[in-house]
Amino acid sequence: MIVAMQERATEEDIQGVIERLVQVGFNVHRTTGTVQTVLAGVGTPSHFDHKDFELLPGVAEVVRITSPYKLAGRGFRPEGTVVRFPNGVAVGGDEIVVMAGPCSVESREQIFTIADQVKSAGASFLRGGAFKPRSSPYSFQGMGLDGLKLLREVGDRTGLLIISEVMEISQIDLMLPYVDVLQVGARNMQNFNLLRELGKINKPVLLKRGIAATLEELLLSAEYIMAGGNYDVILCERGIRTFETYTRNTLDVSAIPIIKKLSHLPMTSDPSHGTGLRDKVPPMARASLAAGADALLIEVHHDPDRALSDGAQSLFPDQFAKLMEELRMIAPAVGRKMA
Ligand code: PEP
Ligand code: MN
């Protein structure tokens, strides 16, 4: 951490800051310039807030150098994390992994039909919510345990891996036998108690960015999971809330290269929730791949007009198959291939 003192700071101010730096555990290196003194705090003390230093007498500016997330930061694993699954699928390696399926599991016929369609188009994962975080309490809330059972059955039959959302701590044990990845939704990105519990399991977690979360907050939420010992965290950009009303959310494509630089964790893009509009999903999926995403999360429905949730952003199966063909052409251009 660097503390730049004001030009008019007194020697007493400077000594006060040095004392505080030493107190929290820094080694202090002082540079006394002709107009300004700069103090460099070297070390990695954890229990302090750099903003406290901005309030000390004589301080002009405080610049934090090390990141507040240690385990999620790129420096922890410079080579990058690859989350591997028993069937050989790996997220974060050379291959782009596609997770596709309906927003919600609605019925046996629905999930079996869509699973076959996304599988034949080349998806590796089947997505589908059994517990749904709906904005209205009157909207379809998901099939619960029955939905999980259907997901597992169709996963075993097709060889697709299963990803589904966990909304609360009590659902974790219930879900573990049925899913391969637990998804934490945007609305729960800062449910710290849930994140802590997910740190104790040994299944991968896909953590979505909150609708108004900064990338630092996303990485700090990943840190909660990793601090518990679960290092298999996959991050996901799913659009943030802006003043734009044309789209449901604004998909922050720049989050992809930023996260890839700041963190070693694999990065996913969800252009379905990111735009909310079916015809905008393929272009944003292509852009996400080109921007460096390791995986894509895409909603597909065999009959979107009758979907119980998110029909307007769900691709028709033939649209999804076409998109997969396009992604197969784009991947080699950015040094990747499709799983
Ligand atoms: C979903 O994936 O269906 C979902 C509810 O996503 P989000 O948490 O990003 O809104
Ligand atoms: Mn959805």
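Axes are lines fitted to C-alpha atoms, for helices over the stretch in contact, and angles run from 0 to 180 degrees between N-to-C directions. The model discussed here is a predicted one.

Q: At roughly what angle do the axes of helix H7 and helix H8 cross?
A: Two packed helices are described by the angle between their axes and the distance between the axes. Helix H7 covers residues 215-227 and helix H8 covers residues 255-262, and their axes come within 11 Å. The contact is made by Leu215, Leu218 and Leu219 of H7 together with Ala255, Ile258, Ile259 and Leu262 of H8. H7 and H8 are therefore oblique to each other, and their axes cross at roughly 50°.

Q: How many disulfides does the structure hold?
A: A disulfide is a covalent bond between the sulfur atoms of two cysteines. The cysteine sulfur closest to that of Cys236 belongs to Cys103, and because the two are 13 Å apart, they are too far from each other for a bond. Cys236 is buried at 0% relative accessibility, and Cys103 is buried with a relative accessible area of 3%. The number of disulfides in the structure is 0.

Q: Which residues are the protein donors of the manganese ion (ligand 2)?
A: Along the chain, the donors of this ion follow the spacing C-x169-H-x25-E-x10-D. Glu299 lies in strand E14 and Asp310 in the loop between E14 and helix H11, so this pair ties together parts that are 11 residues apart in sequence. Glu299 and Asp310 are both buried. Lying 2.0 to 2.3 Å from the manganese ion, the protein donors are Cys103 (SG), His273 (NE2), Glu299 (OE) and Asp310 (OD).

Notes
Residues numbered from 1 in each chain as written. Chains lettered and ligands numbered in written order. Predicted model: local features only at pLDDT ≥ 70, side-chain atom pairs only at ≥ 80, totals over all residues. Heavy atoms only, no water. Donors = N, O, S within 2.8 Å, 3.2 Å for Na, K, Ca; no water. Helix = DSSP H or I, 4+ residues; strand = E, 2+ residues; numbered from the N terminus. Buried < 20%, exposed > 50% of the residue type's maximum accessible area, 1.4 Å probe, protein only. Disulfide = S-S within 2.5 Å. Parallel < 35°, antiparallel > 145°, perpendicular 65-115°, else oblique. Contact = heavy atoms within 4.5 Å.
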